[in-house]
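Here's a quick briefing to keep beside the viewer. Have the sequence and the model open, and follow along topic by topic.

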Amino acid sequence: MSSAGVETRQRILNVAEHMFAEQGFAGSSLRRIIGAAEVNLAAVHYHFRSKEALLEAVLIRRIGPLNQERLALLDSYEMAAGKKGPKLEDVLTAFFAPPMRMILQNNDGRIFGKLIGRLHSETTTMFMTISKKHFAPVAQRFRASIERALPGVSTEELYWRMHFAMGVMAHTLSCWDQLEVLSDGLCRVSDADSVIPRLVDFVAAGFRAPVRQTRKRAQRRS
């Protein structure tokens with residue numbers, strides 16, 4: 001691809017990322033993206049084929065490097081822990097720290113964090129479809145590590161708690177600046193080394209919470 005083609009592709013990705021973050025996937029039309037990027041429809045179809053493929057490219061561009069960093073951190077924790085495996089807090093740190101550092105340290109990261117939060121809140125399953133397609137091995141690796149750190153938690157319960165944990169992360173990524181306003185400046189989120197341990201400790205407590213006997217389980221046993 002020529003340098004001009006690379007530049008055009010990056011410009012389309014940048015504009016699409018901003019627009020998807022501000023207006024959501026459904027609320028962002030290719031026509032508006034084309035206009036803001038100052039390209040024609042042929043250029044978008046050449047590089048991405050469709051709006052769905054464009055969203056996929058936007059996500060891969062950021063999440064790919066993040067997941068590489070996550071796996072490298074997890075590898076280091078596993079190597080240090082040996083046969084016993086890393087503790088839950090270390091596994092969660094490996095998962096949460098890379099995206100949190102990204103959103104707190106640069107403007108592009110903040111935009112992407114807002115995009116992830118918005119995609120999590122939209123009713124479409126497209127985000128999860130893309131995630132499963134490209135990042136399933138990473139998710140399975142972390143699920144296995146969490147399962148090893150919590151041997152008494154059933155697979156069903158583990159999925160529930162992972163789902164809740166992802167919600168906490170999505171809210172933190174997309175609303176990172178609201179806490180300072182709500183707390184009248186008491187809580188500041190500019191320091192990643194302060195935010196990440198708080199997030200990890202909160203989520204770890206949720207993973208370790210006692211398992212309640214739900215009505216559904218009680219009915220199964222009766």
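**Briefing: helices, core and pocket**

At 72% relative accessibility, Asp 184 counts as exposed (exposed is over 50% relative accessible area, buried under 20%, partly exposed in between, with a 1.4 Å probe and protein chains only). Asp 184 sits in the loop between helix H9 (178–182) and helix H10 (192–207), and its phi is near 55°, a positive value in a residue other than glycine.

Some ground rules before the rest. This is a predicted model, with local features needing pLDDT of at least 70 and side-chain atom pairs counting only at pLDDT 80 or more, while totals for chains, interfaces and linings use all residues. Residues are numbered from 1 along each chain as its sequence is written, and side-chain values use heavy atoms, with hydrogens and water left out.

**Overall layout**

- The protein has 11 helices and zero strands, where helices (H or I, at least four residues) and strands (E, at least two) are DSSP runs numbered from the N terminus.
- Along the principal axes, the C-alpha atoms fill a box of roughly 60 × 45 × 40 Å.
- Of the 222 residues in the protein, 43% are buried.
- Among contacts with a separation of 6 or more, 77% come from residues 24 or more positions apart; contact here means heavy atoms within 4.5 Å.

**The largest pocket**

- The volume of the largest pocket is about 1100 Å³.
- Grid points are joined across faces, edges and corners, and a volume is the space filled by probe spheres set on the points.
- The lining of the largest pocket has 40 residues, and Phe 95, Met 128, Ser 131, Ala 139 and Met 166 lie nearest its centre; a lining residue has an atom within 4 Å of a point.
- Helices H4 (51–81), H5 (88–105), H6 (107–121), H7 (126–149) and H8 (155–174) are the elements that give two or more residues to this lining.
- H7 supplies the largest share of the lining, 12 residues.
- By class, the lining splits into 27 nonpolar, nine polar and four charged residues (Ala, Val, Leu, Ile, Met, Phe, Trp, Tyr, Cys and Pro count as nonpolar, Asp, Glu, Lys and Arg as charged, and the others, Gly among them, as polar).

**The largest nonpolar core**

- The largest nonpolar core holds 63 residues, and Phe 20, Leu 54, Leu 59, Leu 92 and Phe 207 touch the most other members.
- H5 gives the most to this core, with 11 residues.
- A nonpolar core is a set of buried Ala, Val, Leu, Ile, Met, Phe, Trp, Tyr and Cys residues joined through side-chain atoms within 4.5 Å.
- Setting aside neighbours within four places in sequence, Leu 59 is in contact with Gly 64, Phe 112, Leu 115, Ile 116, Leu 119, Phe 127 and Ile 130.

**Charged residues and polar contacts**

- Glu 17 belongs to helix H1 (residues 3–23) and is buried, with a relative accessible area of 1%.
- The side chains of Glu 17 and Arg 61 make a polar contact of 3.5 Å (a pair of N or O atoms within 3.5 Å; within protein, one must be able to donate a hydrogen and the other to accept it, and residues adjacent in sequence count only if both atoms are side-chain atoms).
- Beyond its neighbours within four places in sequence, Glu 17 is in contact with Val 58, Arg 61, Arg 62, Ile 111, Phe 112 and Leu 115.
- Asp 193, in helix H10, is exposed at 52% relative accessibility, and a polar contact of 3.1 Å joins its side chain to that of Arg 101.

- Arg 49, in the loop between helix H3 (41–47) and H4, has a phi near 75°, a positive value in a residue other than glycine; Arg 49 is exposed, with a relative accessible area of 62%.
- Ser 121 lies in helix H6 and is exposed at 59% relative accessible area.
- Ser 121 and Ala 170 are 49 residues apart in sequence and 8.7 Å apart in space, C-alpha to C-alpha.
- Glu 69, in helix H4, is partly exposed at 38% relative accessible area.

Technical notes. On a 1 Å grid over the protein atoms alone, a cavity is a set of points where a 1.4 Å probe fits but cannot get out, and a pocket is an open set with protein on both sides within 12 Å along at least five of seven lines; lining residues have an atom within 4 Å of a point.
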